[in-house]
Amino acid sequence: MSTDISDLTGRPVIIGGGAAGLMTALELAPEPVVLLSKSPLGAEASSMWAQGGFSAAVGADDSPALHLADTLAAGAGLCDEAAASRIVHGAPDAVERLAKLGVGFDRRTDGSWRLGLEAAHGRNRIVHATGDGTGREIMRALIAAVRRTPSITLLEGVEARRLLVEDNAIKGVLAANDRGPLTIATNRVVIATGGIGGLFADSTNPGGCFGQGLTLAAHAGAKLSDLEFVQFHPTAFDGPSRPMPLLTEAIRGDGALLIDETGQRFMADQPGAELAPRDIVARAVWRHRAAGHRTFLDARQHPGADFAQRYPVISAFCKMAGIDPAHDPIPIRPAVHYHMGGIAVDGAGRSSVQGLWACGEAARTGLHGANRLASNSLMEAIVCARWVAESIGGVSAGPCAMLREETAPPAADPSAVRPILTQGLGVLRDRNGIERAIQSLYPLARGTGAASDAALVGLMIAVAAVRREESRGGHFRADFPDSASSAVPSFLTRTEALAAARDIVESIPSVRSALS
């Protein structure tokens with residue numbers, strides 16, 4: 001391994017084996033790059049689980065301007081309009097690039113795209129594959145393309161533990177595998193590690209996605225942004241499986257309804273009803289459950305008998321649970337699905353640390369604002385990968401510093417953090433609950449144990465959440481239910497978060513007396 005690693009000196013290092021990381025590596029070809037994936041490609045990537053599809057204005061009745069309008073409306077005032085416009089305008093071309101890489105998107109008999117409708121979209125603009133298997137098909141094609149691209153050195157089973165930084169500039173990556181630590185000297189790193197769902201007990205994300213990229217960036221001194229905005233998908237399958245199987249919004253786009261155990265359609269009187277933005281639907285489901293009801297997705301009439309054909313993946317796991325969606329309501333509950341916040345980046349994916357880029361869910365580009373529009377996530381990852389690659393291509397390798405021996409921190413374990421965030425930072429939040437979470441997370445985040453990295457990410461989310469004294473998009477404060485008159489992004493560094501958390505912890509009387 002040591003000989004291989006020395007041969008990799010100076011190459012760009014991409015951390016993460018999901019759609020964003022794979023596409024960035026492919027866009028950089030033929031420049032030699034290193035791709036680190038802590039598990040076999042696709043095994044722990046949220047992209048693999050994406051059902052709905054890829055949003056793009058490719059229909060005859062659609063335009064990027066209409067796509068942008070829907071994105072801005074869902075984002076609840078917090079989108080960066082210029083960034084969002086640029087990204088949605090890049091979506092149609094990104095669909096074509098994926099098709100050329102071998103992605104088998106569903107088409108009509110005349111060869112045109114078969115487009116689906118999802119919540120808060122004003123047009124049918126969801127390009128999908130095998131009905132509800134879009135993520136799996138995109139990942140299949142990208143993985144195959146990466147494995148046949150000679151310029152990409154793939155290191156599976158290698159986990160990045162820290163970024164090596166001097167004078168706010170990247171100098172290398174400290175990683176580890178089952179044989180111990182290893183260091184790659186480089187001045188160009190891309191974080192494409194996905195989301196944070198694994199920090200919560202109920203999530204549609206693989207358990208291995210718990211914000212490791214945010215930890216890497218935070219320890220490197222990077223600015224993170226809008227961390228308080230966590231999207232809860234309203235219709236996760238209510239069962240014991242983890243990650244929780246997702247019931248894509250496309251089913252509601254086909255006419256399925258939300259009902260309770262009495263058959264009451266509890267979203268009927270809401271603007272947009274079942275196709276309202278995700279945060280609204282998630283809160284409605286959450287509140288109805290809190291009132292003692294069970295909640296279900298009723299697809300018996302629409303799509304009805306066509307369910308298994310249109311949604312084969314969902315039909316299969318329903319069948320395993322003894323449910324036939326054509327005849328039985330499907331039990332659902334909200335679950336953490338996507339993180340709108342992330343590493344603050346510019347239009348080229350550059351962070352506040354020289355030589356550090358971010359792409360995909362780990363990045364905060366300004367596209368999603370306070371609430372991501374359905375199927376804009378795969379789109380963002382693929383579109384932005386090209387711009388990240390172009391930016392990296394404009395930076396020379398430069399002389400690589402002699403790296404001193406560093407001790408790798410232990411592999412992160414989020415299990416101690418999950419109950420804390422689940423309790424304090426759910427669909428509905430308030431100051432007391434958030435501050436209790438901060439009180440529990442702070443000592444863990446300051447430590448050096450296996451829980452510290454996950455606790456740091458959780459703490460930064462909690463500090464951002466307690467500071468935002470309003471409700472907007474995916475962040476709903478029961479004690480501040482109204483939105484502020486103006487929407488302002490939040491920014492936070494590790495140092496700032498720890499200082500703010502300490503102030504909060506020391507202001508709690510029982511803790512203050514214990515520390516004195």
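Just after helix H6, Gly-221 takes a positive phi of about 95°. Helices (H or I, at least four residues) and strands (E, at least two) are DSSP runs, numbered from the N terminus. The model described here is predicted, so that local features need pLDDT of at least 70 and side-chain atom pairs count only at pLDDT 80 or more, whereas totals for chains, interfaces and linings use all residues. Residues are numbered from 1 along each chain as its sequence is written, and side-chain values use heavy atoms, with hydrogens and water left out.

The buried residues of H6 are Gln-212, Gly-213, Leu-214, Thr-215, Leu-216, Ala-217 and Ala-218. Helix H2 (residues 19-28) is likewise largely enclosed by the rest of the structure, because 9 of its 10 residues are buried. In H2, the buried residues are Ala-19, Ala-20, Gly-21, Leu-22, Met-23, Thr-24, Ala-25, Leu-26 and Leu-28.

The chain as a whole contains 16 helices and 19 strands. Its radius of gyration is 22 Å, close to the 24 Å that the globule rule gives for 516 residues, so the chain is as compact as a globular protein of that length. The radius of gyration is taken over C-alpha atoms, and the globule rule is 2.2 Å times the number of residues to the power 0.38. Along its principal axes, the C-alpha trace spans about 65 × 65 × 45 Å. Of the 516 residues, 59% are buried. The accessible surface of the chain comes to about 19,500 Å², and carbon and sulfur atoms account for 50% of this surface; accessible areas come from the Shrake-Rupley method with a 1.4 Å probe, and for residues only the protein chains shown count as cover. Among the contacts in the chain with a separation of 6 or more, 72% are between residues 24 or more positions apart, where contact means heavy atoms within 4.5 Å.

Aromatic rings were examined next. The structure holds 4 aromatic pairs. Rings of Phe, Tyr and Trp (its six-membered ring) pair if their centres lie within 6.5 Å; planes under 30 degrees apart count as stacked, over 60 as edge-to-face and the rest as tilted. One of the pairs is formed by Phe-237 and Phe-317, with 5.5 Å from centre to centre and 75° between the planes, an edge-to-face arrangement. This pair links distant parts of the chain, since Phe-237 lies in strand S12 (residues 230-237) and Phe-317 in helix H10 (residues 312-320), 80 residues apart. Phe-237 is buried, with a relative accessible area of 8%, and Phe-317 is buried at 16%. The ring centres of Phe-307 and Tyr-311 are 5.4 Å apart and their planes stand at 50°, so this pair is tilted. Phe-307 is buried at 1% relative accessibility, and Tyr-311 is buried at 2%.

Charged side chains also lie over rings. Arg-86 is placed over the face of Trp-387, at 3.6 Å from the ring centre, and the charged end of Arg-287 sits over the ring of Phe-476, 5.1 Å from its centre. A charge sits over a ring if NZ of Lys or CZ of Arg is within 6 Å of the ring centre and within 35 degrees of the ring normal.

Three individual positions complete the description. Pro-331 lies in strand S15 (residues 330-339) and is buried, at 9% relative accessibility. Beyond its neighbours within four places in sequence, the residues in contact with Pro-331 include Phe-237, Leu-247, Arg-294 and Ile-323. Met-267 is found in the loop between strand S13 (257-260) and helix H8 (278-290), and its relative accessible area is 0%, so Met-267 is buried. Met-267 and Ile-280 are 13 residues apart in sequence and 9.8 Å apart in space, C-alpha to C-alpha. His-121 occupies the loop between strand S4 (115-116) and strand S5 (126-127) and is buried, with a relative accessible area of 8%. A polar atom of the His-121 side chain lies 2.7 Å from the backbone oxygen of Ala-374.

Terms used. Buried means under 20% relative accessible area, exposed over 50%, partly exposed in between (1.4 Å probe, protein chains only). A polar contact is a pair of N or O atoms within 3.5 Å; within protein, one must be able to donate a hydrogen and the other to accept it, and residues adjacent in sequence count only if both atoms are side-chain atoms.
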